[in-house]
Amino acid sequence: QAQVPYERLLKAESEPQNWLTYGGSYRSHRYSALDQINRKNVSTLKLAWAYQIQRAGIVETSPLVVDGVMYMTEPPSTVTALDVRSGRPLWTYSPNIPPDVIVIGSPPVNRGVAILDDSVYVGTVHGHLIALDSKSGVVRWDITVGDNKSGYYLTLAPLAIDDKIVVGVSGAETGIRGFIDAYDAKTGKLAWRTYTIPAPGEPGFETWGKGNGWQTGGGSTWLTGSFDPELNLLYWATGNPAPDWNADNRPGDNLYTDSVLALDPSNGKIKWHFQFTPEDVHDWDSNETLVLFEAQIGGRERKLLAQANRNGFYYVLDRATGQFLTGVPYAKETWAD
């Protein structure tokens with residue numbers, strides 16, 4: 001019986017035999033400290049068991065492992081719990097996906113689940129967030145995050161922080177206005193919503209020209225964020241503006257697309273932002289993992305955030321303030337000096 005309180009998630013790195021969040025921990029290192037497999041014995045590994053995915057498709061799940069149970073997702077939005085010792089399915093849940101579901105810009109995939117206390121949380125390609133009993137797979141609540149008829153769908157693994165479940169949306173290629181949501185973990189009630197495309201009168205709206213491009217501006221939020229509980233800041237990356245390769249209807253920097261947002265997890269307020277690619281016309285996004293770490297800079301310890309961005313630069317920012325510290329090309333690129 002999985003019991004994963006918030007306090008356990010805070011210390012996820014202290015139990016490497018488990019994998020409690022999408023990124024391995026709130027710092028998103030995606031690194032395991034287990035050392036049983038090494039260069040000397042890796043060639044002797046043999047198959048212990050195999051589980052057959054129930055539906056053909058692309059598998060992008062990062063399974064969670066909690067006390068001998070693996071929670072994984074299968075395309076398009078199925079959740080399956082497996083016994084890690086035998087591969088035996090313990091339960092499987094598949095939501096009722098309408099046959100006319102809109103998924104444009106990506107295959108109908110799912111990157112995984114979140115777990116908090118005794119519930120497992122999954123986003124679906126028809127725009128829902130669903131809470132399941134971790135022992136049985138029984139639905140506890142099911143809410144609509146974004147109307148799929150308007151182009152919204154979910155492919156990310158949710159992030160559980162304290163009493164909230166945080167999700168982002170996919171759908172820039174369908175002309176959505178992106179956002180990040182937080183829901184009450186027990187009830188599914190919306191706690192806050194932060195749009196990634198500012199509306200008239202909001203800071204950043206002037207970066208969208210004088211047309212209506214902001215209404216369908218994209219800015220998808222389809223990758224799980226990172227979290228610093230000491231600073232009480234939630235970090236979330238954003239995707240490309242829409243349409244992808246034509247900026248005629250959106251002249252300007254197009255905030256807050258291709259950016260990282262630092263949010264107050266209690267209310268969703270943007271504390272700082274940094275834009276990696278202004279007025280993106282290459283469909284680069286900035287939906288790459290946000291890695292949190294500490295290092296000495298200028299003789300003092302700094303709290304830092306790193307990202308290898310798809311625009312060809314490796315960035316390091318001060319994660320307390322958003323201050324730009326460095327941006328170094330890691331591949332040949334010609335778009336910036």
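Is Arg 193 buried, partly exposed or exposed, and at what relative accessibility? I looked it up in this predicted model: Arg 193 is partly exposed, at 31% relative accessibility.

Entry on its partner. I found the side chain of Arg 193 in a salt bridge with Asp 181, 2.7 Å from N to O. Asp 181 sits in strand β11 (residues 179-184) and Arg 193 in strand β12 (residues 190-195), so the pair ties together parts twelve residues apart in sequence. Asp 181 is buried, with a relative accessible area of 0%.

Entry on other salt bridges. I noted 18 of them in the structure. One joins Arg 319 and Asp 228 at 2.8 Å, N to O. This pair links distant parts of the chain, 91 residues apart: Arg 319 is in the loop between β19 (313-318) and β20 (324-329), Asp 228 in strand β13 (residues 226-228). I have both residues, Arg 319 and Asp 228, down as buried. They belong to a salt-bridge network that also includes Glu 13, Arg 27, Glu 230, Glu 294 and Lys 303. I also checked Arg 140 with Asp 133, a salt bridge of 2.6 Å, N to O. Arg 140 is partly exposed at 40%, while Asp 133 counts as buried at 17%.

Entry on the surface. I located a nonpolar patch of Ile 37, Val 42 and Leu 45, with about 290 Å² of accessible area together. Val 42 lies in the loop between α1 (6-10) and β1 (64-66).

Entry on the whole chain. I recorded one helix and 20 strands. The radius of gyration is 20 Å, which agrees with the value near 20 Å for a compact globule of 337 residues. Buried residues make up 54% of the chain.

Conventions
Residues numbered from 1 in each chain as written. Predicted model: local features only at pLDDT ≥ 70, side-chain atom pairs only at ≥ 80, totals over all residues. Heavy atoms only, no water. Patch = residues over 30% accessible without salt bridge, like charges linked within 9 Å, V, L, I, M, F, W, Y side chains within 5 Å. Areas by Shrake-Rupley, 256 points an atom, 1.4 Å probe, with all protein chains shown as cover. Salt bridge = Lys/Arg side-chain N within 4 Å of Asp/Glu carboxyl O. Helix = DSSP H or I, 4+ residues; strand = E, 2+ residues; numbered from the N terminus. Rg over C-alpha atoms; globule rule 2.2 N^0.38 Å. Buried < 20%, exposed > 50% of the residue type's maximum accessible area, 1.4 Å probe, protein only.
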